Amino acid sequence: FDNYVKQNYMDNALRGGMAFPMGAIGGLKPKIYHAFSRIHGDLERDYNNFVIEPAYFSQGPGNFRDVNQNRRCDVSQLPAVHDFNVRQFMSYVQADGYNQLTVATAFFKIRDPYHVKNIVTRLVAPGLGHELLTDILSRPFRPGQLFNDMKANGINPMLPREELLEIVTAAAEQVPAGLYVPKQGGFWTDHWTYHLDLFSNFLSIYPDEKESMLYDSEGVPFFMSNGRVVPRHEKYMLKDNEGNVRQYDAVSEPPEKLAALQEMWGDPAYVGDEYAGAMWQRDAEGNIFKVKIITKLVLLVTMKFSILDPLGMGVEMEAGKPGWNDAMNGLPGLFGSEMPAAYELHELIDFTATAIDEVGRGVQLPSELATLLTAIDKALADYTAGTIDDFTYWDTVRTALETYRDETVVTFKGTKVEWSAADLGKESGLLGRMLKKSKDGIKRALTYAPDGGKHVSPTYFRFDVKRYELIGYSGSRGLPTVKVLEFEPVALPLFLEGPVRHMKTLKDQPMSKRRTMYQAVRNSTLHDDKLSMYKISESLKGQSFEVGRMMAFNPGWLENESVWMHMSYKWYLELLRAGLFDEYFAEIKTGIACFMDPKVFGRSPLEAASFIVSSAFPEESLHGSGFLARLSGTTAEFLSMFNIMTQGQAPFKVDDEGKLVLKLEPAIASWMWTEEGTLSFKFLGAVDVTYFNEAKTNTWGEGAAKIARYELLTDSKDVGAAKPISITGDSVPSPHAADIRALKYTSINVYMDAPVDATTTSK
């Protein structure tokens with residue numbers, strides 16, 4: 001187990017990158033540069049263009065979903081990351097709520113020639129090297145590229161590399177970069193669902209900076225890609241003479257967007273290269289249009305709420321791509337929708353609306369967004385009053401969304417409208433009404449659950465077209481285009497992702513309800529009783545090949561009813577987040593790689609795999625064997641589990657007086673204690689924490705060990721002498737909590753139950 005934890009830290013960096021702070025000179029906020037990651041992490045995924053930059057701080061491009069998920073714990077491991085990940089990924093959110101596929105390596109750009117001149121003077125002597133370095137630092141650069149260019153030009157700086165890098169990055173602006181490529185063929189339904197984890201990670205360490213991050217930090221821009229989602233009248237097509245209607249060619253590259261991008265690339269201020277760059281959308285005056293993070297959240301909520309399916313249940317796959325399960329690649333054509341994104345939308349609305357009420361401040365909205373929200377509010381009022389039905393509501397909101405997309409396809413106007421907290425928040429505002437509609441959709445979706453108690457959520461729906469009228473012809477395929485007049489929903493077989501994401505929405509429900517839901521899933525056909533693991537899906541027998549590529553595989557193999565380790569780990573994580581500790585610790589003994597029998601698993605117990613052959617596979621000798629891609633997303637899920645086990649979900653909190661406190665709330669099972677009754681881990685990437693529990697009991701349930709005292713130790717004279725500071729109780733108050741976060745203490749001893757003599761324990 002200990003070695004598996006260590007291996008996961010390394011493997012996680014190979015997918016999400018290792019964060020390095022740079023440029024923190026003279027009290028400046030550090031820039032964060034992620035090194036060592038590249039697309040999907042390792043060579044075992046031989047279908048990817050695996051790129052390793054031959055340079056210091058090597059970094060390659062990564063897929064959006066991977067990088068976002070694998071940076072989920074960055075702030076917990078390095079507090080200096082602060083809000084960097086939140087800001088970067090919020091910047092990638094487009095005006096339509098979608099994003100590009102590729103997260104490229106960030107650039108640095110020193111915009112002031114005077115700063116370039118001063119830096120060059122410090123680094124090299126007058127002469128040719130002076131001129132060459134001036135030219136290099138006048139262009140956008142990356143750390144590894146900078147050193148390579150200097151070496152290629154024979155430039156020998158007068159300072160060590162580390163000091164040089166601190167100087168140049170301190171003077172530079174850091175610019176995120178992304179890339180939309182035509183081959184991505186659309187926008188994924190789930191990419192936005194990982195943003196909230198970045199917010200949660202930030203707030204678990206910096207809860208006292210919630211308002212400043214959301215409302216007062218510098219605005220973030222909008223990424224602008226080549227693609228746009230076309231309106232329904234262009235993508236709803238009559239497939240054949242049998243009356244089958246499909247959704248095809250959902251994303252196009254309109255010439256007006258390409259023209260705007262080409263103008264952007266020609267701008268001397270543009271930062272990028274031939275592969276990727278900072279393609280930020282402009283306003284009508286040609287300025288980069290920025291909004292506060294709280295505004296970006298409201299926009300994202302609105303975009304996803306506006307594409308709920310015709311019954312208000314799932315989020316539609318209306319942009320040509322499915323969600324997390326890429327093998328459902330045919331479902332977008334079948335008017336598919338998914339509940340996982342709907343559950344995440346519920347959580348995002350709840351978070352955003354609650355934050356607005358807590359802060360009590362108005363939100364500046366782009367005027368185009370304000371108009372769309374007004375239309376949504378009117379449609380909700382009509383629907384609630386019973387004057388329009390589900391289909392009319394869906395059609396009305398979608399029409400308003402299409403108008404918004406037309407208005408923002410190239411630029412924003414640049415004007416903003418302020419909505420008050422009362423008009424927008426959860427208690428009395430529009431987001432509260434949107435949250436209710438979301439809850440109603442979830443209740444309706446659960447009526448399609450196959451179990452008697454209606455606890456095991458469906459994951460996917462398709463919507464069959466029952467009535468339509470012809471309206472024209474498709475310019476892309478030459479097929480007739482139609483206006484749909486009536487849909488009929490069909491629930492697909494069970495997939496594990498539905499219950500995984502559904503569990504998140506039960507956070508405020510009684511523990512009994514969460515436990516009932518867990519038990520229903522365990523008793524369902526998603527559970528492989530032979531392996532005591534969870535399958536990605538139940539049997540898909542009878543499903544059309546049109547649903548997706550997983551239908552080409554034998555049951556038990558790849559995305560067809562195998563044990564997909566990443567999704568299984570997600571399920572275990574949600575059990576832990578839900579406080580189902582007994583169930584969690586029982587499940588991981590058969591479901592986490594380090595506890596598996598290597599002779600059956602067929603791999604090192606220190607590495608995961610893409611999938612495990614389930615008992616549904618015809619060849620019994622392969623049951624339980626792992627295949628493909630060691631560096632899967634399991635690393636992000638496991639590190640999240642490890643953090644909760646050792647410190648709780650949010651170690652830093654704000655007390656009733658608004659002051660910062662540290663309250664560790666570990667979930668440690670009795671088998672995790674050493675013989676001496678200790679458990680140690682590295683907190684915040686730098687502080688050695690050791691729990692002492694002589695009874696070696698669980699930290700939850702009957703007879704649980706509870707924290708009684710903290711002992712803070714340091715070698716720093718900034719916070720007093722080396723004498724330990726003893727704090728009685730289950731939390732550390734200010735100012736010590738802030739000092740711990742600032743890494744001013746080197747170690748913390750945490751004594752559970754009755755206080756133990758510190759001197760004796762230290763020996």
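**Figure 1. Overall view of the predicted chain.** Of the 763 residues in the chain, 58% are buried (under 20% relative accessible area with a 1.4 Å probe, protein chains only). The model is a predicted one, in which local features need pLDDT of at least 70, side-chain atom pairs count only at pLDDT 80 or more, and totals for chains, interfaces and linings use all residues. Residues are numbered from 1 along each chain as its sequence is written, and side-chain values use heavy atoms, with hydrogens and water left out. The chain holds 26 helices and 29 strands (DSSP runs of H or I with at least four residues, and of E with at least two, numbered from the N terminus). Along the principal axes, the C-alpha trace spans about 80 × 70 × 55 Å.

**Figure 2. Close-up of helix α8 and its packing partners.** Helix α8 covers residues 161–171, and its buried residues are Leu-164, Leu-165, Ile-167, Val-168, Thr-169 and Ala-170. These buried residues pack against strands β1 (18–22), β2 (31–35) and β4 (102–109), and against helices α5 (113–123), α6 (128–137) and α7 (143–152); contact means heavy atoms within 4.5 Å.

**Figure 3. Close-up of Thr-459 and its surroundings.** Thr-459 lies in the loop between α18 (430–446) and β16 (460–473), and is buried with a relative accessible area of 0%. The Thr-459 side chain reaches the backbone oxygen of Phe-495 at 2.9 Å and the backbone nitrogen of Gly-498 at 2.8 Å. Not counting residues up to four places away in sequence, Thr-459 touches Ser-337, Glu-338, Met-339, Pro-340, Phe-495, Glu-497, Gly-498 and Pro-499.

Notes:
Buried means under 20% relative accessible area, exposed over 50%, partly exposed in between (1.4 Å probe, protein chains only). A polar contact is a pair of N or O atoms within 3.5 Å; within protein, one must be able to donate a hydrogen and the other to accept it, and residues adjacent in sequence count only if both atoms are side-chain atoms.
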